[in-house]
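Here's a quick tour of one protein model, with a look at its rings, its surface and a sheet. Have the viewer open as you read.

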Amino acid sequence: MYRNIYLKRGKEESLLRFHPWIFSGAIHHADDGIEEGDTVRVISSEGEFIAVGHYQIGSIAVRVLSFRDITIDRSFWTSRLGAALRMRRSIGIADNARNNTYRLVHGEGDNLPGLIIDCYGATAVMQAHSVGMHVCRQEIGEALVEVMGQRISNVYYKSETTLPYKAELGQENGFIIGSTDDNTAVENGLRFHVDWLRGQKTGFFVDQRENRSLLEQYAKDKSVLNMFCYTGGFSVYAMRGGAKLVHSVDSSAKAIELTNRNVELNFPGDSRHEAFCDDAFKYLDANDNKYDLIILDPPAFAKHRGALRNALKGYTRLNVKGLERIKHGGILFTFSCSQVVTKDNFRNAVFTAAAQTGRKVRILHQLHQPADHPINIYHPEGEYLKGLVLYVE
């Protein structure tokens with residue numbers, strides 16, 4: 001039987017609206033013996049059951065797994081993973097011969113807060129963002145292989161950098177089911193090496209798939225600059241779209257190496273592409289009026305709310321550079337993946353940048369995360385990726 005956590009009076013209101021987080025300040029007291037990562041029952045001040053979830057030390061004290069009083073066992077994991085797979089199949093993401101790269105589980109968006117699972121061919125990369133999911137990793141992995149059938153035979157666990165270091169869990173990255181040296185995945189008919197061993201997130205930015213496809217439509221006969229290129233995803237799509245030249249820039253030498261490998265995988269010996277290991281601002285300063293199409297897809301500038309103000313200044317400064325340097329009649333793809341930066345925050349930062357440059361700018365598209373990164377309607381915080389496509393006169 002699970003131990004109980006009791007809420008302060010009135011603190012159950014957000015839970016009655018099915019929000020999946022319980023903050024530490026909402027807790028009145030708890031049963032003795034509860035440890036980080038335990039599954040707990042949440043009880044209102046009136047003594048009524050509210051939810052069951054994973055307990056963790058920190059601001060978010062409980063991540064809700066169910067608003068019904070159930071046991072979190074193997075059948076629970078298979079049920080939730082099965083629902084996630086059915087949704088991906090219904091939107092044509094899973095079981096697509098031209099695309100074996102997709103997100104199967106997107107945390108709260110799939111009613112599995114603290115859990116991320118990305119699929120790359122026959123390998124699933126699983127990432128825990130809560131101690132509770134870390135504790136359950138083997139059971140989740142086994143349920144995953146059962147649900148996925150022939151689709152998945154290897155599960156790689158990658159949570160060294162996503163779990164609280166103070167928990168002292170001794171977590172290590174590695175295969176928990178199966179093993180493979182094949183790290184090549186297919187996205188919309190293009191092939192990519194996925195670095196799930198040392199790469200960011202699960203090894204590839206799956207969330208930009210549809211935005212990369214949109215870029216491909218605009219790339220024909222254009223000179224393209226892909227800033228913060230990482231794996232070179234936008235670069236490869238631009239080349240398939242018929243760009244006359246593509247330059248990829250990243251401050252990481254490993255990212256440049258991976259970009260070059262992915263370009264070579266799809267366009268061997270193609271002289272249109274060149275990659276540069278350089279600082280974004282320095283590179284933009286040195287290359288004025290050279291590119292028809294620029295992509296600005298930086299890493300998150302704000303990891304927490306306290307960094308929001310400086311992050312918005314950073315987005316404004318970066319977009320000023322992009323808007324200043326792009327050719328007349330150019331197209332700018334600009335993004336923010338910071339969860340604490342809202343769509344309005346980001347749009348205002350880009351508006352400020354446009355005003356500072358004095359150029360005429362029109363919004364062509366407002367971009368967001370794809371359907372395999374769903375947003376739980378009761379958890380608006382799950383909307384993290386936002387972008388704009390701008391026409392710059």
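Is Ile377 buried or exposed? Ile377 is exposed, because its relative accessible area is 73%; the cut-offs are under 20% for buried, over 50% for exposed and partly exposed in between, with a 1.4 Å probe and protein chains only.

Before going further: this is a predicted model, where local features need pLDDT of at least 70, side-chain atom pairs count only at pLDDT 80 or more, and totals for chains, interfaces and linings use all residues. Residues are numbered from 1 along each chain as its sequence is written, and side-chain values use heavy atoms, with hydrogens and water left out.

Ile377 sits in the loop between strand 19 (361-368) and strand 20 (386-392). Helices here are DSSP runs of H or I with at least four residues, strands are E runs of at least two, and both are numbered from the N terminus. Together with Phe18 and Tyr378, Ile377 makes a nonpolar surface patch of about 340 Å². Patch members have over 30% relative accessible area and no salt bridge (a Lys or Arg side-chain nitrogen within 4 Å of an Asp or Glu carboxyl oxygen), and nonpolar side chains are joined within 5 Å. The areas are Shrake-Rupley values with a 1.4 Å probe.

Now for the rings. The whole structure has 14 aromatic pairs, counted when ring centres lie within 6.5 Å; planes under 30 degrees apart are stacked, over 60 edge-to-face and the rest tilted. Here are two of them:

| Pair | Centre to centre | Angle of planes | Type |
|---|---|---|---|
| Phe18 and Phe67 | 5.3 Å | 80 degrees | edge-to-face |
| Tyr218 and Phe333 | 6.2 Å | 70 degrees | edge-to-face |

Phe18 is in the loop between helix 1 (13-16) and strand 2, and Phe67 in the loop between strand 6 (60-66) and helix 2 (74-90), so their pair ties together parts 49 residues apart in sequence. Phe18 is partly exposed at 37% relative accessibility, and Phe67 is partly exposed at 28%. In the other pair, Tyr218 belongs to helix 5 (residues 209-218) and Phe333 to strand 18 (residues 330-336), so parts 115 residues apart in sequence are tied together. Tyr218 is partly exposed at 22%, while Phe333 is buried at 0%.

Strand 1 (residues 3-7) and strand 4 (residues 39-43) run parallel, joined by four bridges.

How values were computed
Two strands pair if DSSP finds at least two bridges between them. Patches are made of residues with over 30% relative accessible area and no salt bridge: like charges are joined within 9 Å, nonpolar side chains (Val, Leu, Ile, Met, Phe, Trp, Tyr) within 5 Å. Rings of Phe, Tyr and Trp (its six-membered ring) pair if their centres lie within 6.5 Å; planes under 30 degrees apart count as stacked, over 60 as edge-to-face and the rest as tilted.
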